[in-house]
Amino acid sequence: MAVKRQKAITWALGLAASVAILLWKPTVLIYGLQTAGLYAAIAIPMGLVLGIVHIVNLAHGEFMMLASYATYFACKALGMDPLFAIIPTALVTAAFGWIIFQITIRRALKAPELNQLILTFGLAIAFTQVINLMFTSQTYKMPLDYVSASMDIGDLTFGTWSFVFIAMAMLFSFGLQFFLTKTTTGKAALAVGQNPRGAAIVGIDVYKIYGLVFALALALVGAMGALFLTKSAIFPQVGSPFTMKSFCLVAMAGVGNIPGILSASILLGVAENFLRAFRGTRGWADIVFFVLIIVVIMSRSLKGRKS
Amino acid sequence: MLKIRGLECGYGRMKVIEGVDLEVGAESVGLFGPNGAGKTTLIGAIMGINKPWAGSIELDGKSINGMETHLMARMGVALVPQERELFPGMSVDDNLMLGAAYIPHAKDKSAEQLEKVFSLFPILKERRKQLAGTMSGGQQRMVAIARALMSNPKLLILDEPSLGLQPSIVAEVFEVLKALKKTVSILVTEQNVRESLKSIDRGYVLENGKIVIEDSAEGLKTNPYVLKSYLGL
């Protein structure tokens, strides 16, 4: 009962806050949701890996960075639009992720968590530095005119292209939900996430599922890498804030809670854009996720102590 | 069916199983012994959960020494672990479905098998949509047995099926085992010797990693050592 009431209060507060922001600073809400879509679409695959393989992949954003670079040079060589590269990039990134999983992460699955963190952190550094050596720290950007599409409502003008990220986040979230609850392989993956020993005794090849889930997550990351390139300039360190923010969102949502990532992203996206709306606080926007993660960890541990 | 010779097994440097010979044919076999005797370790070695150090394990004449757990399951060996090892966040239906989905000889017959399992445990049919993790210990044990049966096994291994259950459910579980032994070979470890002797054909007593007694159920019932140590007479 208390939990229900608490939930209702949270929802009511959230709704009231969004109405207030919408009336006061409408662009904050619009850009906030667009940012939320981008964050959620990138964080969802990290949540999938954490929920099933039980690995915090600190090279998550760096995998996306690699996908963006691959897309950039492939598109430039072939004179292709990055949008057409989404599916091929997803497939290539998935294959690459599967190989990286087999030769590195798989061997660390039984190791203590700290070793796993060091391993994926090392991968992140290696990826960043390899790109730095190959392409220097110069930024690359695709000139695309459809990205600057905008829309007017009354005297309000805002960019519309980034709504595509919201669509992606929804697609990933519902697609994964369908995969995990309606297909046999998805259910097996869920079973492996909940109890790997139990999964092995019913004949599920646990390591095969781990590799598959990791590759699936990397396919989504690869798709986002191609799509990210439409909007942003890329450089070797471009992935690392996304690793941190994805981790923040996954931690806020709790392990295995994919819909929770959506609402956590909205909170982060709107809060960042709210601070960006004022000259005095603009520079603070990038540390919002630190504040959120501290608040989440504190409230979790307080709750843990009570029960 | 299952033939173990000179099996040694343990953890780290500690040897737990010190040369065990054991056989299970088309019958129901009990494995008795106190806590720490090595019953669970022995079963773990058969299922590929822990690797044998020495000796041989054969299933239908094929060596299965150190084979991976999921391959054992696919060869027709189903385990009901002491800790049940269910998928707590999934429904009873999904738990049972997964019992058959990855077993080549069972996945096409899962609908029939499900009917059979529901006739053994009618309560599970009423609760098919309930999450396994929210059920009582006894019901979870039934789900674990039902999930194992879904794989249509040749050999069913149960590790302490009566542990932590109320007496009425213990009796029910052993009734089910009695009914099952006509169609499947059973290896069951137990501390509740009195109840399980009613359902088995033959039994072994394992103490400190060694088989100390091997006899028929009738023989065990009258063995003075078993009477004194396990039946409290």
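Two strands are taken to pair if DSSP finds at least two bridges between them. By this criterion, the predicted model contains in chain B an open sheet of 4 strands, arranged in the order E2-E1-E4-E5 with antiparallel pairing. Strand E2 (14–24) and strand E5 (62–63) of chain B stand at the edges of this sheet; each has a single partner strand, so one side of each is left without a neighbour in the sheet. Strands of a sheet pair through backbone hydrogen bonds, in either a parallel or an antiparallel sense. Strand E4 (residues 54–59) of chain B and E5(B) are joined in the antiparallel sense over 2 bridges. Leu59(B) has Lys62(B), in E5(B), as its bridge partner.

Helix H1 (residues 39–47) of chain B packs on the sheet, where it touches strand E1 (2–11), E2 and E4 of chain B. The direction of this helix makes about 70° with that of E2(B). H1(B) is mostly covered, since 8 of its 9 residues are buried. The buried residues are Lys39(B), Thr41(B), Leu42(B), Ile43(B), Gly44(B), Ala45(B), Ile46(B) and Met47(B). Just after the helix H1(B), Gly48(B) adopts a positive phi of about 75°.

Positive phi values also occur in chain B at residues other than glycine. One of them is Glu85(B), with phi near 50°. Glu85(B) lies in the loop that connects strand E6 (77–80) to helix H3 (92–101) of chain B. A residue counts as buried if 20 or more other C-beta atoms lie within 10 Å of its own. Glu85(B) has 21 other C-beta atoms within 10 Å and is therefore buried. Asn152(B), also not a glycine, has a positive phi near 50°. The loop that holds Asn152(B) runs between helix H6 (137–150) and strand E7 (155–159) of chain B. Because 21 other C-beta atoms lie within 10 Å of Asn152(B), this residue is likewise buried.

Chain A comprises 12 helices and 2 strands. From the N terminus on, its elements follow the order α-α-α-α-α-β-β-α-α-α-α-α-α-α. The radius of gyration of chain A is 20 Å, close to the 19 Å that the globule rule gives for 307 residues, so the chain is as compact as a globular protein of that length. Along the principal axes, the C-alpha atoms of chain A fill a box of roughly 60 × 60 × 35 Å. Of the 307 residues in chain A, 45% count as buried. Among contacts in chain A between residues at least 6 apart in sequence, 75% join residues at least 24 apart.

The two chains also meet: 16 residues of chain A are in contact with 21 residues of chain B. On the side of chain A that touches chain B, the elements giving two or more residues are helix H7 (184–194) and helix H8 (196–201) of chain A. H7(A) supplies the largest share of this side, with 6 residues. By class, the side of chain A that touches chain B has 8 nonpolar, 5 polar and 3 charged residues.

The chain averages a pLDDT of 92, and 99% of its residues score at least 70. Among the elements of chain A, helix H1 (residues 2–24) of chain A has the lowest mean pLDDT (81), whereas helix H9 (residues 206–231) of chain A has the highest (97).

Terms used:
Residues are numbered from 1 along each chain as its sequence is written. Chains are lettered from A and ligands numbered from 1 in the order in which they are written. This is a predicted model: local features need pLDDT of at least 70, side-chain atom pairs count only at pLDDT 80 or more; totals for chains, interfaces and linings use all residues. pLDDT is the predictor's confidence in each residue, from 0 to 100. A residue is buried if 20 or more other C-beta atoms lie within 10 Å of its own, exposed if 12 or fewer, and partly exposed in between; C-beta atoms are placed from the backbone. Two residues are in contact if their C-beta atoms, placed from the backbone, lie within 7 Å. Ala, Val, Leu, Ile, Met, Phe, Trp, Tyr, Cys and Pro count as nonpolar, Asp, Glu, Lys and Arg as charged, and the others, Gly among them, as polar. Axes are lines fitted to C-alpha atoms, for helices over the stretch in contact, and angles run from 0 to 180 degrees between N-to-C directions. The radius of gyration is taken over C-alpha atoms; the globule rule is 2.2 Å times the number of residues to the power 0.38.
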